[in-house]
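Welcome! Let us walk through this structure together, one region at a time.

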Amino acid sequence: MSQKTLTESGQEGAVEAPAAASAKRWWILAVVALAQLMVVLDATIVNIALPSAQADLGFSDGNRQWIVTAYALAFASLLLLGGRIADLFGRKTAFLIGVVGFAAVSALGGAATNFEMLVTARALQGAFGALLAPAALSLLNTTFTDARERARAFSVYGAIAGAGGAVGLLLGGVLTDALDWRWTLYVNVVIAVVAFAGGWLLLHNHRDAANSKLDVPGTLLVAAGLFSLVYGFSNAETHDWSSPETWGFLVAGGALLAAFTWWQTRAAHPLLPLRILLDRNRAASFLAVLISGGGMFGVFLFLTYYLQLNLSFSPTKTGVAFLPMVAALMVAAQVSTTTLVPRIGPKVVIPLGFAVAAVGMAWLTGIGVGSSYLSAVLPQLIVTGFGLGLVMPPAMQLATGGVAAEDAGVASATVNAMQQVGGSIGTALLNTLAASAATDYLVGKDPTNKLVQAGATIESYTTAFWWSAGLFAVGALITFLLFRRGVPEQDADAAPVVHM
């Protein structure tokens, strides 16, 4: 269904959308948000359940990382293909197939009887997630075209994307403690039933790029490039940086992505039209998503370790401890997308958000062996969450706004790819830096002494927090330099067409 909507200025000739269509848009937002929550949850919900799954299925410590990595590899490498499929064959089709497939393989993982079955299910989750995530975001982008409504919609979506990791930790802890680790996967089936029913009833299948063809060489190049990049960074956790399994894959990934970029300038139907990347505000937004994805890793992983190992929090209590950060992020998401960016533009708001997040992470380095959560963690989490709420929702909105309808899926996929690659980079770099800090701390000390061991772990956490703060500070500088002054046109003027 396509129809004109009334712009904010009420320009003559515009046709106001019926109240029913307006209400329908908000129901679509609820369905899209639910599907996005399912995808984001699975990046962290399984982490807390890993020790229980390992004990149940009997796989080794060396294999444990593949339960997480298999999902990340499939998700990152297939995102652009998933986004283009949504543009070519219709977003409703891509969305529903993604939801059903994600639920089916989640059930397969929950019923796993061995390591091979579980890791296969996780890889398939990543593949269906790569179809579902860009379809969901592009549906949001093409459904909400009124500037104010679009800002509200992206405040919800961005808050979920930013806070989903923390919610995953909470839900994973609750399900593992109350039921069984398998329910961290079975829960997706419950969510998917609601998302599928809503998508089936509310969405219409609109194919904006129906006359285009799939860029097969480009698909192969970018899939192999992203796979190599994420795999190389994943290997940095278990191998030395000098290992060919680390730098070899990183070099190969860079070369393949360079070849992909070259091919996109010559392909008749490019997978990722370079016009999407060449807009200055959009490029700055992609970088903001990349950097925030990398820096957030320092909050979730190392703070989870600290709360559970040093403060003796249970998995459920650890998840609850992150809720104030989620609340701060959601408040900031609403303020940034609906009030600040439409009035003063992203050149002030997004760098400010990075700076606030950097302060929060630097403040978090004050933790000690006997610190209190209320004084040494809670205020810092709130500050960091508020800062990230000023960054992620408006960056996602600007990264996908203003693109042609036929490019909405692939632009949305690029946002997700940036977040995934950023997380992989953050995982590798911060883990390496934290491990090196712990090793250096033990030099000249008795490594069998428990106080010394505790000091080494604190040193590793605070090092990761300092580097996360530095990453956010770099993000503030880069986005301040790249974003244009003023309010972007896509925020000032509503697009004329709605597809539902």
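Predicted model: local features only at pLDDT ≥ 70, side-chain atom pairs only at ≥ 80, totals over all residues.

Residues are numbered from 1 along each chain as its sequence is written, and side-chain values use heavy atoms, with hydrogens and water left out.

Let us begin with the salt bridges. A salt bridge here is a side-chain nitrogen of Lys or Arg within 4 Å of a carboxyl oxygen of Asp or Glu. The whole structure holds 2 salt bridges. In one of them, R182 meets D56 with an N to O distance of 3.2 Å. Because R182 sits in the loop between helix 6 and helix 7 and D56 in helix 2 (residues 45-57), this pair ties together parts that are 126 residues apart in sequence. Helices are DSSP runs of H or I with at least four residues, numbered from the N terminus. R182 counts as buried at 18% relative accessibility, whereas D56 is partly exposed at 42%. In these terms, buried means under 20% relative accessible area, exposed means over 50%, and partly exposed lies in between (1.4 Å probe, protein chains only).

R484 and D279 also form a salt bridge, with their closest N and O atoms 3.8 Å apart. This pair links distant parts of the chain, 205 residues apart: R484 is in the loop between helix 18 (450-482) and helix 19 (489-492), and D279 is in the loop between helix 10 (275-278) and helix 11 (280-310). R484 is partly exposed at 36%, and D279 is partly exposed at 24%.

Now back to helix 7. How do helix 4 and helix 7 run relative to each other? Their axes, lines fitted to C-alpha atoms over the stretch in contact, come within 8 Å and cross at roughly 160 degrees. Angles run from 0 to 180 degrees between N-to-C directions, and those over 145 count as roughly antiparallel. Helix 4 and helix 7 are therefore roughly antiparallel to each other.

The loop between helix 6 (147-178) and helix 7 (183-202) also holds L179. L179 is exposed, with a relative accessible area of 51%.

Our last stop is L73, which lies in helix 3 (residues 61-89). L73 is buried, at 6% relative accessible area. Its C-alpha atom is separated by 9.9 Å from that of R122, 49 residues apart along the chain.

How values were computed:
Helix = DSSP H or I, 4+ residues; strand = E, 2+ residues; numbered from the N terminus. Parallel < 35°, antiparallel > 145°, perpendicular 65-115°, else oblique.
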